[in-house]
Amino acid sequence: MKVKIAVNGYGTIGKRVADAILKQPDMELIGVAKAKPDYAALRAVSLGIPLYVPKDKLSMFQEKGITVAGTIEDMLSKADVVVDALPGGKGVSMKQLYDEYGVKQIYQGGEKASVAERSFSTLCNYEETLGANSLRVVSCNTTGLLRLLCTLRRLYTIESVRVTLIRRAADPKEVKKGPVNAIKLNPPKLPSHHGEDVKTVIGDIDIMTAAVAVPTTLMHVHQVNIRFSERASRDKIIDALTTTPRIIVVNTSLTGIQSTAELSEALRDTGRPRSDMPELAIFEESVTTQGKELMLFQAVHQESIVTPENIDAIRAVTRLAATSDETIRITDETLGLKKGLYFIAGGVG
Ligand code: NAD
């Protein structure tokens, strides 16, 4: 029997997670919830996905002629698991209701870590989270950092991590966010919260992060510096990065890609839905070792990188898959996720 999933919040993250659930052999999407009667609500209805809304918003949807399947409470009464994809900080206000309906809960990185039993990243702690009642999939930046760190931790002991995050100003659909013409210290006081967020999953790590926001909507870029306890081999690191699921390695001399714009364009050429890149992209030529140190650039597509982790988190709380390898196999196959070297002609190969 399939596990029944509700998605509360059908925005950037919610609609991607909902689409991904529809592709899983062991899950059933019983509905999505939205508070605004807009184009996304119309999309759900046109796809035949049952649309649920807050009680006090029912008439607003009905006045616009949008067919509604019921209230959020109706949706929860049918679900085994709810994926909360409400705007950051709003999920915690729903926790009591989710508990009342006895549904397991998956939250997003915009919530405080205390909202859930554990913060989650598939490559780092899947097995430790099996059967949890609630999990929080960490933010896009943290998910990207954790994919890298948990891959490298299998090779060497990490002594310290220092990262500068160059963050996108807004998602493409957002009209009110910035900066439009500035490099904004984000935040001015260091370190930024991203390092602390990494520690919510792998506590035992010396990490400090700094972040600036720049006027772009495509992706984040991280400049990562890592110190290991022993001399690092570039070949060994490249070998690990090209064989780990959900990491693609972009070779600039082969592809000509040396910016998020070109990477984004190459993704558009692949014909992927929404030109998404749920994989973490590492720029091969930037991977440099000197003694015990490693430095590199990586790119994170903020809108889609957490989609596979949400699917895995559902499998973790419901014990649908006993190991990270098992859930990664199903999730990555159904979503068409790649690993290895990125070739411009053949898309991600
Ligand atoms: P969003 O604003 O795009 O989507 C939020 C959705 O929730 C909208 O559809 C909105 O209509 C709906 N909503 C608002 N109030 C509601 C209510 N009371 N009941 C039902 N629906 C309601 O937000 P997002 O970017 O998808 O972010 C969701 C979460 O994911 C946040 O915690 C965020 O921090 C996190 N996250 C976002 C990104 C990103 O880049 N956008 C990346 C990783 C994680």
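What follows is a short chat about the ligand shell and the aromatic pairs of a predicted model.

Reader: What should I know about the model before we start?
Author: It is predicted, so local features need pLDDT of at least 70 and side-chain atom pairs count only at pLDDT 80 or more, while totals for chains, interfaces and linings use all residues. Residues are numbered from 1 along each chain as its sequence is written, and side-chain values use heavy atoms, with hydrogens and water left out.

Reader: How many residues surround the ligand, and which are the closest?
Author: 23 surround it, the closest being Thr12, Ile13, Lys34, Asp171 and Lys173. A residue counts if one of its heavy atoms lies within 4 Å.

Reader: Which ligand atom faces lysine 90?
Author: A nitrogen atom, 3.4 Å from an N or O atom in the lysine 90 side chain. Polar contacts here are pairs of N or O atoms within 3.5 Å.

Reader: And where does tyrosine 10 come in?
Author: One of its backbone N or O atoms lies 3.3 Å from an oxygen atom of the ligand.

Reader: Switching topic. How many aromatic pairs are there?
Author: The whole structure has 3. Rings of Phe, Tyr and Trp (its six-membered ring) pair if their centres lie within 6.5 Å; planes under 30 degrees apart are stacked, over 60 edge-to-face, the rest tilted.

Reader: Why is the pair of tyrosine 156 and phenylalanine 228 tilted?
Author: Because the planes stand at 45°, with the centres 4.9 Å apart.

Reader: Is phenylalanine 228 buried or exposed?
Author: Buried, with a relative accessible area of 0%; buried means under 20%, exposed over 50%, partly exposed in between (1.4 Å probe, protein chains only). Tyrosine 156 is buried too, at 5%.

Methods:
Polar contact = N/O pair within 3.5 Å; in protein donor to acceptor, adjacent residues only side chain to side chain.
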